[in-house]
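Please open the model in your viewer and keep the selection tool at hand.

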Amino acid sequence: MRPKVPTIPSSTVQIPLWQRLLAPLVYLLPWSDAIPFGLGADGVFNQIPLLRLLTIPAVPLIQLDRGVPFGGLLLFFVLFLAVVRNPAVPYFLRFNTLQALLTDIVIVVLSFAFGILLQPIAGGSLLLSTLSSTVVVAVLAILLFALVECWRGREPDLPGISQAVRMQLY
């Protein structure tokens with residue numbers, strides 16, 4: 001019978017500073033896809049102009065998405081193949097990258113749902129404006145939560161998404 005090897009709880013593992021600073025950057029991908037939800041005539045960015053400053057970090061990703069054919073999709077696959085599926089990349093970066101990619105998938109699906117289902121039915125209504133603003137605020141909350149948790153050296157635990165990420169990475 002083999003002796004049990006003590007495992008180190010993840011809370012005691014010290015994440016290097018460079019990983020804690022680099023990991024939150026991948027959450028700019030879902031943020032860049034959520035920004036169009038708040039740009040309508042009644043969008044949250046027009047109602048609260050100060051929030052427009054929060055879109056500045058996502059400008060390079062938006063330019064890539066608009067400037068390069070399938071730029072967003074290419075960036076998605078590069079991050080997935082070069083970071084998430086690369087065992088040489090530290091686990092903390094792989095975890096946060098995959099979590100940001102799954103969050104981005106949710107945002108893209110919501111974008112299609114808004115465009116196909118809600119826009120023809122409730123185009124320009126208060127309901128559509130409220131739902132769009134809710135998406136922006138929710139993604140902003142995820143971004144800020146992930147930023148703080150990454151700086152603290154902890155994995156941001158998003159219900160449902162984090163469990164899926166852990167299943168993929170283990």
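Which residues lie nearest the centre of the largest pocket? Select Asp33, Pro36, Phe37, Asp65 and Ser111, which hold that place among the 38 residues of the lining. This is a predicted model, in which local features need pLDDT of at least 70 and side-chain atom pairs count only at pLDDT 80 or more, while totals for chains, interfaces and linings use all residues. Residues are numbered from 1 along each chain as its sequence is written, and side-chain values use heavy atoms, with hydrogens and water left out.

A pocket here is an open set of points on a 1 Å grid over the protein atoms alone, where a 1.4 Å probe fits, with protein on both sides within 12 Å along at least five of seven lines; its lining residues have an atom within 4 Å of a point. The lining divides into 20 nonpolar, 13 polar and five charged residues.

Now select Ser32, in helix 2 (helices are DSSP runs of H or I, at least four residues, numbered from the N terminus). Ser32 is buried, with a relative accessible area of 7%, because buried means under 20% with a 1.4 Å probe, protein chains only. Leaving aside residues up to four places away in sequence, Ser32 touches Ala58, Leu61 and Ile62, where contact means heavy atoms within 4.5 Å.

Finish at Tyr27, whose contacts beyond four places in sequence include Asn96, Leu143 and Pro156.

Technical notes: Ala, Val, Leu, Ile, Met, Phe, Trp, Tyr, Cys and Pro count as nonpolar, Asp, Glu, Lys and Arg as charged, and the others, Gly among them, as polar. Helices (H or I, at least four residues) and strands (E, at least two) are DSSP runs, numbered from the N terminus. Buried means under 20% relative accessible area, exposed over 50%, partly exposed in between (1.4 Å probe, protein chains only).
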